[in-house]
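Please look over the model below before reading on. My notes follow as numbered points.

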Amino acid sequence: MKQRLVVVGNGMAGVSCVEQILKQPHDFDITIFGDETHVNYNRILLSLVLAGEKSADEIVLNDLDWYESNQICTRLGVKITGIDRERKVVLGEDGGITEYDKLILATGSSAFIPPIPGVEKRNVHVFRTLDDTRALLEKSRPGLKTVVIGGGLLGLEAARGLQVRGCEVTVVHLMDTLMERQLDATGGAYLKRKIENLGIRVMLPQQTAALYGNGRVDGLRFASGEELEADLVVIAAGIRPNAELGRKAGLDVRRGIVVDDFMQTSDPHIFAVGECTEHRGQTFGLVAPLFEQGRVLAGAITGHPGPSFAGASPATKLKIMGVEIFSAGSIDDTEPGVETVRYEDPSLGVYKKLLLKDNRLHGVILVGDIEDEHVYQDWLRGGTDLTPHRRQILFPPRDPDPGLEVAAMPDSETICGCNGVRKSDIVQAIHKHGIVTLQELKEKTRASTSCGTCTGLCEKLLRAVTPDFQEETKTTLCSCLPFSYEQLRDMIRGQQLKSAEEVLNVYGNRKGCEVCKPALSYLLDMLWCGAHEEDRSARFINDRVHANIQKDGTFSVVPRMRGGVTTPDELRRIADVADKYKVPMVKVTGSQRIDLLGIKKADLPKVWADLGMPSGQAYTKGVRMVKTCVGTEFCRFGVQDSTSAGIELERRLENLFTPHKFKMGVVGCPRNCAEATVKDLGLVGQDGSWQVVVGGAAGKSVRKADLLTTVETTEQAMEASNLFFQYYRENANYLERSYDFVERLGIEKIRKETVYASEKDKRKLLDRLDRSKAMAKDAWLEGAHPVNPTQFVQIQPLEVPTA
Amino acid sequence: MSTKVHWTPVTNLENIPPREGRAVTLQGEEIAIFNIDNRYLAIESKCPHKGGPLCDGIASGTTVVCPLHGRRFDLETGMAVRASEPACVATFPTRVENGIIFVNLDGARRVLDEAAA
């Protein structure tokens with residue numbers, strides 16, 4: 001007969017243990033009870049749900065299908081209130097009685113609510129579960145005065161999520177350092193500065209004496225007598241193991257349910273994993289050790305015991321509001337015999353502190369740059385004599401053998417703490433699926449998909465294991481902001497940064513330069529689909545006045561002339577403007593348009609008004625034009641209506657920004673009169689079909705465009721064009737022309753991720769393009785409605801000085 | 001020569017947006033005034049390299065980058081930064097009173113000329 005295994009707790013620890021059991025040969029009928037009504041979700045990502053970056057669905061780890069297909073009986077929303085150890089049954093709140101042969105308690109922990117008068121008032125919340133998160137989401141709104149009590153990881157994450165929602169957030173912490181268990185005063189100050197730069201107020205040390213308000217909270221009163229108004233209070237003052245069930249059942253319980261090295265409680269039929277446990281006097285709050293416990297127990301309970309649980313590593317590796325933090329060993333530098341070695345770079349926000357004792361590493365704190373944490377972990381674990389390393393101790397030389405570091409790691413070492421992925425899982429996945437890129441590894445193993453701290457390690461593993469590892473080319477933007485475009489995109493999205501100034505204040509040197517500011521302006525516009533905070537001071541002059549600066553400081557004006565088609569009326573107006581403003585040169589461009597050169601900045605708004613035509617964007621990194629031939633309308637060889645198609649294409653994409661200028665061409669037959677095959681994007685008409693070609697060039701170098709796809713209808717050609725266009729916008733580095741982009745990624749990859757992508761993924765790309773397009777407008781409208789009074793006009797002195 | 005310092009009232013504070021520059025012509029010379037963290041720094045607007053309009057440059061901290069060829073100048077000293085050969089533009093003292101920016105044309109300084117003298 002099958003054995004009955006009952007698991008109380010449907011959270012990450014319990015379910016991951018069940019996942020491990022399922023991997024072993026076993027003979028269990030499994031029942032899982034969960035008092036939350038949700039399937040197992042990734043609790044670590046709740047802050048992203050709060051910040052609106054992920055939906056509740058996106059953090060689900062095991063959906064109902066998983067429970068069903070593994071024949072697990074799932075009882076959600078049922079609280080277990082008692083265990084009868086003699087009868088070997090658990091008692092449900094619903095009156096149900098369930099028999100077990102083996103019982104696993106994975107009841108987790110609850111938010112600790114300090115005994116402050118007033119915590120029962122309305123609008124006082126904790127932040128621990130999906131339901132807590134939903135309640136906070138409902139309450140939060142722009143301008144809401146919000147106070148978070150607690151400056152640990154959870155409190156800071158709640159603070160950031162609520163601030164992204166527009167709340168005015170203050171973090172109040174009892175101690176004089178944020179995250180004082182991981183950081184010293186200086187490290188805490190670095191973190192505090194980053195957080196304050198994000199616009200969150202931090203008050204330390206501040207003891208909350210009471211919450212005041214009539215029924216609903218109105219504010220906090222501190223022990224100092226000061227008061228702080230609050231419409232919403234979030235308490236994040238730590239967690240308590242949920243050990244009550246074990247205590248009532250008479251199990252050995254101290255702070256948590258006491259377990260041995262194989263996760264067995266004082267009853268040989270009952271086991272426990274996760275935050276409800278206490279192991280060798282230690283309780284748990286971070287996720288990495290919980291996965292380890294689950295694995296140990298899965299082996300033991302199925303009769304295949306492996307290594308025992310040796311306790312959590314004393315190291316903490318975190319990413320909080322985009323700041324990476326690593327802390328390990330003892331951080332108390334007042335201990336006799338302890339020497340400290342420190343490094344600080346305030347403008348980069350990097351802080352390193354090593355504590356040495358007897359020439360051996362005793363503790364380490366890293367903020368802002370944790371690249372070397374593995375070296376330090378090795379030194380700590382091995383008690384390495386550091387005498388020969390003393391000169392390079394803060395910047396240990398990178399090992400000449402890049403595979404050595406990962407080779408030295410045990411197979412069971414957890415690489416991705418957020419998702420519980422071990423070295424062996426990654427190595428197996430690489431072989432099983434033939435993974436050669438980080439992206440594929442992320443998709444197959446979930447490693448490096450949450451906080452990203454382990455990205456470097458994953459890459460090292462890939463490099464060591466697969467001979468064909470394809471490193472994603474990383475171009476660092478500039479010294480003001482030394483990150484790759486991929487990292488910047490993640491940071492801007494993840495931290496919900498909306499302006500160039502904000503990005504530079506949080507991650508850069510707070511100044512920026514002519515390289516990074518326009519790049520950031522582009523990224524922000526693209527990532528937020530135009531709903532960013534536009535900062536003209538971060539734009540090149542061309543994008544401040546929407547015209548192209550010339551060598552003498554005057555500007556050139558090119559009106560939009562879609563598909564290169566104009567009218568007598570437009571031509572007359574252009575001629576009149578040229579006369580009226582004494583335009584020194586009127587020039588037909590290579591893009592089938594007309595350029596008016598030598599216009600003074602102050603005349604720009606008047607010139608635009610007189611032209612009565614929209615901006616041709618000839619001055620910016622954006623959609624330039626669509627060059628067309630006369631196609632079937634007039635040409636005796638034309639087989640497609642290239643003129644109409646070109647005008648339509650231009651209409652759909654005009655006014656959008658791109659990483660570099662973006663030129664298009666549409667031709668009605670393969671004779672290619674409008675040179676579509678040397679454009680960033682071209683449509684080549686054939687009898688009954690269109691070829692969509694991308695990445696052509698006729699500039700410094702000449703490159704024939706690659707064929708993206710061949711389609712039958714003009715509408716399909718538009719869709720393929722739009723897919724490539726948005727894909728280029730999202731994935732190219734700033735100032736990377738499409739022809740470099742296509743060469744770098746390879747046309748096959750681009751096809752796979754655009755025209756051959758799933759309908760769902762295509763829809764996502766097109767939706768983002770639609771959203772951007774909805775926000776994009778003709779820049780020349782600013783002629784009549786300038787963004788500031790002196791956008792175009794020169795300042796006239798209030799008093800003319802006499803010489 | 002008069003020793004009396006004359007401060008010319010130029011414009012209201014709000015006419016110069018944060019981290020941007022604006023030009024004003026005073027006594028036939030174009031002067032660029034920048035708003036850097038609510039400090040108003042004035043320099044000669046014409047780039048000594050090819051005459052580019054420094055008023056239209058991107059500010060990077062307390063430096064400005066010429067929009068034509070990327071020459072960079074310190075707004076406080078007027079000195080070219082990271083230049084292959086020394087160059088400078090004139091700087092002018094400014095002050096703010098009642099929301100109006102004043103420039104002292106007589107206080108113009110050219111660091112390089114002073115060094116040569």
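1. Two strands pair if DSSP finds at least two bridges between them. Helices (H or I, at least four residues) and strands (E, at least two) are DSSP runs, numbered from the N terminus. By that count, 5 bridges join β10(A) to β11(A), and the two run parallel.

2. Some ground rules. This is a predicted model: local features need pLDDT of at least 70, side-chain atom pairs count only at pLDDT 80 or more, and totals for chains, interfaces and linings use all residues. Residues are numbered from 1 along each chain as its sequence is written, while chains are lettered from A and ligands numbered from 1 in the order in which they are written.

3. The sheet around β10(A). Chain A has an open sheet of 5 strands in the order β9-β16-β10-β11-β12, with parallel pairing. β9 (124–126) and β12 (201–203) of chain A are the edge strands, each with a single partner strand, so one side of each has no neighbour in the sheet. From one strand to the next, the twist averages 25°. (Axes are lines fitted to C-alpha atoms, for helices over the stretch in contact; angles run from 0 to 180 degrees between N-to-C directions.)

4. β10(A) in detail. Strand β10 (residues 145–149) of chain A is joined by 4 bridges to strand β16 (residues 232–235) of chain A, and these run parallel. Take A:Val148: its bridge partner in β16(A) is A:Val234, and in β11(A) the partner of A:Val148 is A:Val171. Because 4 of its 5 residues are buried, β10(A) is largely enclosed by the rest of the structure. Buried means that 20 or more other C-beta atoms lie within 10 Å of the residue's own; exposed means 12 or fewer, partly exposed in between, with C-beta atoms placed from the backbone.

5. The helix over the sheet. α5(A) lies across β10, β11 (168–172) and β16 of chain A, running at about 170° to β11(A). Helix α5 (residues 153–164) of chain A has 12 residues and spans 17 Å from first C-alpha to last, close to the 16 Å expected at 1.5 Å a residue. The expected span is 1.5 Å times one less than the number of residues. How many residues of α5(A) are buried? The count is 12 of 12, including A:Glu157 and A:Arg160. After α5(A) comes A:Gly166, with a positive phi near 100°.

6. A helix pair elsewhere in chain A. The axes of α22 (residues 714–731) and α25 (residues 759–775) of chain A come within 9 Å and cross at roughly 75°. That makes α22(A) roughly perpendicular to α25(A) (65 to 115 degrees; under 35 is roughly parallel, over 145 roughly antiparallel, the rest oblique). By class, their contact has 6 nonpolar, 2 polar and 2 charged residues. (Nonpolar: Ala, Val, Leu, Ile, Met, Phe, Trp, Tyr, Cys and Pro; charged: Asp, Glu, Lys and Arg; polar: the others, Gly among them.) A:Phe725 and A:Tyr727 are among the residues on the α22(A) side, A:Leu765 and A:Arg768 among those on the α25(A) side. Two residues are in contact if their C-beta atoms, placed from the backbone, lie within 7 Å.

7. Chain B. Of its 117 residues, 46% count as buried.

8. The interface. The contact takes 29 residues from chain B and 22 from chain A. On the chain B side, β1 (7–12), β2 (21–26) and β5 (58–60) each give two or more residues. That side divides into 15 nonpolar, 9 polar and 5 charged residues.
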